[in-house]
Amino acid sequence: MACAEAWRGDGEIVASPFGVIPAIGARLARATFAPDLLLSDGEATFVAGCWAVGEPPNGPAEGWVPYRAVFDLLAAGKRHVMMGPSQIDRFGNVNISAIGDFARPARQLIGMRGAPGNTVNHPTSYWVPRHQPRTFVPKVDVISGVGYDSAAAAGPAASRFHELRRVVTNLAVLDFRSPGHAMRLVSVHPGVSVADVIAGTGFDLVISGDVPPTRLPTAEELRLIRDVIDPRGLRHQEVP
């Protein structure tokens with residue numbers, strides 16, 4: 001549910017979820033409170049309707065989006081992506097490239113990919129299935145996705161359209177709407193305490209007053225998740 005809420009109020013833009021649970025969130029958002037979202041079949045077509053994750057689309061085509069058009073949408077800010085970081089720090093810098101010294105990394109990851117361009121051109125959110133100190137680190141080993149401090153240091157070319165919307169994990173929802181854009185604890189999921197989130201984070205979070213619980217899905221939203229969007233229960237492979 002928290003992943004779906006990331007797209008609330010976005011209007012007619014391209015939702016680009018990476019991973020099973022972000023995909024469930026984007027499809028749930030469009031099926032309920034965000035009907036104008038555009039969803040791709042992963043190839044070259046925007047598709048109407050709502051279909052199950054792991055299955056081919058079953059709705060009519062809404063438009064054509066060849067690979068070259070993605071860059072036009074990206075540069076125009078008409079996209080909101082939800083990616084999965086290997087490391088993220090207090091100001092939202094993200095690493096998906098390598099662990100350790102970049103010149104001689106201890107572990108090679110997937111590379112920079114589209115993270116730099118995404119984070120300086122359009123809204124970006126993150127999904128973390130395991131909230132732990134090895135992911136929430138004081139300083140990322142390599143900056144792949146640009147955080148607020150790095151965007152400010154780089155100047156207007158990086159900061160003008162920079163917006164990190166939200167970070168959703170298996171424990172909580174976080175954002176950067178605090179003085180100085182440090183990561184802020186927005187809500188904790190049912191059964192999770194603030195202490196649990198603090199213990200899983202390798203830096204100090206901004207915590208203001210009592211932290212509310214994350215909104216639970218309604219009965220209709222649950223039905224859509226269980227019967228329409230993820231009838232095979234693929235979400236349980238990512239978060240038991």
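**A loop, then strands, rings and pockets**

Reply: Let's start with Arg113, which sits in the loop between strand S8 (107–108) and helix H4 (115–121). Those labels come from DSSP runs, numbered from the N terminus: a helix is a run of H or I with at least four residues, and a strand is a run of E with at least two. Keep in mind that this is a predicted model, where local features need pLDDT of at least 70, side-chain atom pairs count only at pLDDT 80 or more, and totals for chains, interfaces and linings use all residues. Residues are numbered from 1 along each chain as its sequence is written, and side-chain values use heavy atoms, with hydrogens and water left out.

What is the phi of Arg113, a residue that is not a glycine? Its phi is positive, about 50 degrees. Arg113 is also exposed, with 65% relative accessible area. Exposed means over 50% relative accessible area, buried means under 20%, and partly exposed is in between (1.4 Å probe, protein chains only).

His181 is another non-glycine with a positive phi, about 60 degrees. You'll find His181 in the loop between S11 and S12, and at 35% relative accessibility it counts as partly exposed.

S10 (residues 164–169) has 5 of its 6 residues buried, so the rest of the structure largely encloses it. S10 runs parallel to strand S9 (residues 124–128), and 4 bridges join the two; strands pair if DSSP finds at least two bridges between them.

Now for the rings. There are 3 aromatic pairs by the rule used here. That rule takes rings of Phe, Tyr and Trp (its six-membered ring) and pairs them if their centres lie within 6.5 Å; planes under 30 degrees apart are stacked, over 60 edge-to-face, and the rest tilted. One of the pairs is Phe136 with Phe203, tilted, at 6.4 Å centre to centre and 45 degrees between the planes. Phe136 belongs to the loop between S9 and helix H5 (148–154) and Phe203 to the loop between helix H7 (194–199) and helix H8 (219–229), so this pair ties together parts 67 residues apart in sequence. Both Phe136 and Phe203 are buried.

Tyr148 and Phe176 make another tilted pair, 5.7 Å centre to centre with 45 degrees between the planes. This one links distant parts of the chain, 28 residues apart: Tyr148 is in helix H5, and Phe176 is in the loop between S11 and strand S12 (184–188). Tyr148 is buried at 14% relative accessible area, and Phe176 is buried at 2%.

On a 1 Å grid over the protein atoms alone, a pocket is an open set of points with protein on both sides within 12 Å along at least five of seven lines, whereas a cavity is a set where a 1.4 Å probe fits but cannot get out; lining residues have an atom within 4 Å of a point. Points are joined across faces, edges and corners, and the volume is the space filled by probe spheres set on them.

The largest pocket has a volume of about 960 Å³. Its lining has 34 residues, with Ser16, Pro17, Phe18, Val70 and Arg79 nearest the centre. Helix H3 (67–75) is among the elements that each supply at least two lining residues, and H3 gives the largest share, 5 residues. The lining divides into 20 nonpolar, 8 polar and 6 charged residues (Ala, Val, Leu, Ile, Met, Phe, Trp, Tyr, Cys and Pro count as nonpolar, Asp, Glu, Lys and Arg as charged, and the others, Gly among them, as polar).

S10 turns up again at the second largest pocket, where it is one of the elements supplying at least two lining residues. That pocket has a volume of about 670 Å³.
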